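This report describes a protein model by its fold, its charged pairs, its surface and its backbone. The sequence and structure are shown first.

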Amino acid sequence: MSEKRVIFRGTALPLLLLAPQLAVTAVFFLYPAAQAVRQSMFRSDAFGFGERFVGFDNFSALLNSARYWDSVGVTAVFAASVAIITLVVSLALAAAVDRLIRGSSVYSTLLIWPYAVAPAVAGILWWFLFNPSIGILAYVLRTFGIRWDQFVNGDHALILVIIAASWAQISYNFIFFLAGLQSIPRSIMEAAAIDGAGPVKRFFTITLPLLSPTVFFLSVINVVYAFFDTFAIIDTTTAGGPGRDTTTLVYSAYSDGFLGQNFGSSAAQSVLLTAVVMVLTIVQFRFVERRVHY
């Protein structure tokens, strides 16, 4: 099939077609980002009566704060756990569904449903399941001698938010993995099976290399998701507690800005968080992408 290309004679029409997207980007991304950078260099009055230029003092105070570095540690554990669990579980589910001959569409639909659940609702759902008084999963754990209580045990609280955040993201990963698995020609797998390669060897030598672009794309998406899009889950399950054991960087920026009324520190945390995610994304494209085979 021949490819059809549209050639514009001038620049007016292309700019006009791009104008809505450029306007949305400017209003909802560029302007707030510029305001955050500006606010990070000011110290505001708690009652909103004025502000004072302090340069990079907000950044210096953060980098010398033990509370901020605790949040960095919690975020690192949380993001790595969510990214790994989500990739492994969703790939296993996609491989299982891909092997089904009958009923695969039913299982696919059931596994995609959680993606339609709002993050706040997902957090409340897992809060109820692990509630030490009324949660069924907390009751099951007690039968095995584990006294689960996310309200006083920081490790339990961190495990809870990791499970809730991973569960909410698995469906998104599942869709891409299943599409990638179904795009692999069956003839390649059949030829490998005839040559004596077992299911495990076929998976690691054929399936996984062919899925490497999908794995790379989803690893980037999952890291960004763990850093930015899990605020609602943390807020509804643990609210950053107990203490600050589940306070990630994005939740720390929220609590300092909206609860503590420290707008300068909150803006500085937002700028640093964006910079960290940009660096991680560049590192992934610079080093991890070398192992991807397109």
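Which side chain meets that of arginine 38 in a salt bridge? The partner is glutamate 51, with an N to O distance of 2.5 Å.

## Basis of the model

The model is predicted, so local features require a pLDDT of at least 70 and side-chain atom pairs count only at pLDDT 80 or more, while totals for chains, interfaces and linings use all residues. Residues are numbered from 1 along each chain as its sequence is written, and side-chain values use heavy atoms, with hydrogens and water left out.

## Overall architecture

The secondary structure of the protein comprises 13 helices and two strands. These elements are DSSP runs numbered from the N terminus, with helices being H or I runs of at least four residues and strands being E runs of at least two. Along its principal axes, the C-alpha trace spans about 75 × 75 × 30 Å.

The protein has 294 residues, of which 36% count as buried. Buried denotes a relative accessible area under 20%, exposed over 50%, and partly exposed the range in between, with a 1.4 Å probe and protein chains only. Of the contacts between residues at least 6 apart in sequence, 65% join residues at least 24 apart; a contact here means heavy atoms within 4.5 Å. The accessible surface comes to about 17700 Å², and carbon and sulfur atoms account for 69% of that area. Accessible areas were computed by the Shrake-Rupley method with a 1.4 Å probe, and for residues only the protein chains shown count as cover.

## Salt bridges

The structure holds two salt bridges, each defined as a side-chain nitrogen of Lys or Arg within 4 Å of a carboxyl oxygen of Asp or Glu. One of them is the pair of arginine 38 and glutamate 51.

Aspartate 98 forms a salt bridge with arginine 186, and their closest N and O atoms are 3.1 Å apart. This pair links distant parts of the chain, since aspartate 98 belongs to helix 3 and arginine 186 to helix 8 (residues 186–194), 88 residues apart. Aspartate 98 is buried, with a relative accessible area of 14%, whereas arginine 186 is partly exposed at 44%.

## Surroundings of glutamine 39

Glutamine 39 lies in helix 1 (residues 12–39) and is buried, with a relative accessible area of 17%. Its side chain makes a polar contact of 2.8 Å with the side chain of serine 44. A polar contact is a pair of N or O atoms within 3.5 Å; within protein, one must be able to donate a hydrogen and the other to accept it, and residues adjacent in sequence count only if both atoms are side-chain atoms.

Not counting residues up to four places away in sequence, glutamine 39 touches Ser44, Glu51, Asn58, Phe263, Gly264 and Ala267.

## Helix 10 and its packing

Helix 10 covers residues 212–228, 17 residues in number, and reaches 24 Å from its first C-alpha to its last, close to the 24 Å expected. The expected span is 1.5 Å times one less than the number of residues.

Among the buried residues of helix 10 are Phe216, Leu218, Val220, Val223, Tyr225 and Phe227. The buried residues of this helix pack against helix 3 (66–99), helix 7 (154–182), helix 9 (199–210), helix 11 (231–237), helix 12 (249–259) and helix 13 (263–287).

## Nonpolar surface patch

Val6, Phe8, Leu13, Leu16 and Leu17 form a nonpolar patch on the surface, with about 520 Å² of accessible area together. Patches are made of residues with over 30% relative accessible area and no salt bridge, like charges being joined within 9 Å and nonpolar side chains (Val, Leu, Ile, Met, Phe, Trp, Tyr) within 5 Å. Valine 6 is located in the segment before helix 1 and counts as exposed, at 67% relative accessibility.

## Backbone features

Most residues other than glycine have a negative phi, and most peptide bonds are trans. A cis peptide bond joins glycine 241 and proline 242, with omega at about 0 degrees. Proline 242 is found in the loop between helix 11 and helix 12.

Alanine 239 lies in the loop between helix 11 and helix 12 and has a positive phi of about 55 degrees although it is not a glycine. Glutamine 261, in the loop between helix 12 and helix 13, has a positive phi near 60 degrees. Alanine 239 is partly exposed at 44% relative accessible area, and glutamine 261 is partly exposed at 32%.
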